[in-house]
Amino acid sequence: MNKLSFKYFTKPLIVITLLVNVISGNLLAQAKNPSPLNFPTPRNIDNMLFYIQRDPNINTAIYAINYQQNGKIDKSNPIKAYWIRYAEKGEIKDFNYLQRKFAYGIESKLLNNEEFEFKFVSYKKLPLTLKKIDSDQKYHVFVNVNQKKIQLEKIFVRIEGGSFWLPNVKYAEVTGIDVSSNKTITERMLLK
């Protein structure tokens with residue numbers, strides 16, 4: 001190859017190399033969980049619908065169906081929520097008053113006999129639906145994120161600093177089954 005042809009290929013080759021590095025770096029950054037913590041996966045939790053994990057510790061908020069003694073869902077309070085405090089040897093604890101009223105608690109309303117809408121007390125812009133599905137006769141939670149309907153399994157909230165009353169929430173990642181494709185997906189949303 002002579003010097004002239006090498007000169008013509010050098011600039012496009014450098015540009016292509018830079019683009020590939022930038023794109024692959026962005027994809028890698030999106031796919032990675034930047035949290036320095038290793039989060040356990042809750043297992044064998046009775047009636048669990050989904051869970052929430054967040055910085056700054058590995059304690060996990062569990063959201064489960066609240067059945068009455070007769071085996072039917074409690075329509076006035078269809079979801080019970082509590083901690084598995086993995087940072088404290090897996091102790092199970094109810095949310096305290098402040099957590100229930102200002103952070104992790106939920107408000108729900110009955111839509112019809114087997115369907116409820118609920119929202120988190122701390123972020124009311126994200127309505128979720130709890131409903132019984134014909135195919136398995138079990139309750140599941142559904143949410144719409146980035147124009148995708150997702151059967152919810154978990155939420156990860158990335159927090160960097162701030163305080164209890166004003167945490168610096170960078171984003172939330174919603175993981176579950178994409179209803180249209182029946183595949184597991186994770187969708188990131190910025191909370192504003």
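Ile79 belongs to strand 3, which covers residues 79-85 in this predicted model. Its relative accessible area is 4%, so Ile79 counts as buried, the cut-off being under 20%. Leaving aside residues up to four places away in sequence, the contacts of Ile79 are Leu49, Tyr63, Ala64, Asn66, Ile106, Phe118 and Leu130. Ala64 stands 15 residues from Ile79 along the chain, yet the C-alpha atoms of these two residues are separated by 5.5 Å.

A contrasting case is Leu166, located in the loop between strand 9 (148-162) and strand 10 (167-178). With a relative accessible area of 67%, Leu166 is exposed. Together with Tyr97, Leu98, Phe102, Phe164 and Trp165, Leu166 forms a nonpolar patch on the surface, and the accessible area of these residues together is about 700 Å².

Attention may now turn to charged side chains. The whole structure contains eight salt bridges. One of them joins Arg85 to Glu88, with an N to O distance of 3.0 Å. Arg85 is buried at 16% relative accessibility, whereas Glu88 is partly exposed at 33%. Another salt bridge links Glu117 and Lys109 at 3.9 Å, N to O; Glu117 is partly exposed at 22%, and Lys109 is partly exposed at 47%.

A further salt bridge connects Glu173 with Arg188 at 2.7 Å, N to O. Because Glu173 lies in strand 10 and Arg188 in strand 11 (residues 184-189), this pair ties together parts that are 15 residues apart in sequence. Glu173 is buried, with a relative accessible area of 13%, while Arg188 is partly exposed at 30%.

Key
Residues numbered from 1 in each chain as written. Predicted model: local features only at pLDDT ≥ 70, side-chain atom pairs only at ≥ 80, totals over all residues. Heavy atoms only, no water. Patch = residues over 30% accessible without salt bridge, like charges linked within 9 Å, V, L, I, M, F, W, Y side chains within 5 Å. Areas by Shrake-Rupley, 256 points an atom, 1.4 Å probe, with all protein chains shown as cover. Salt bridge = Lys/Arg side-chain N within 4 Å of Asp/Glu carboxyl O. Helix = DSSP H or I, 4+ residues; strand = E, 2+ residues; numbered from the N terminus. Buried < 20%, exposed > 50% of the residue type's maximum accessible area, 1.4 Å probe, protein only. Contact = heavy atoms within 4.5 Å.
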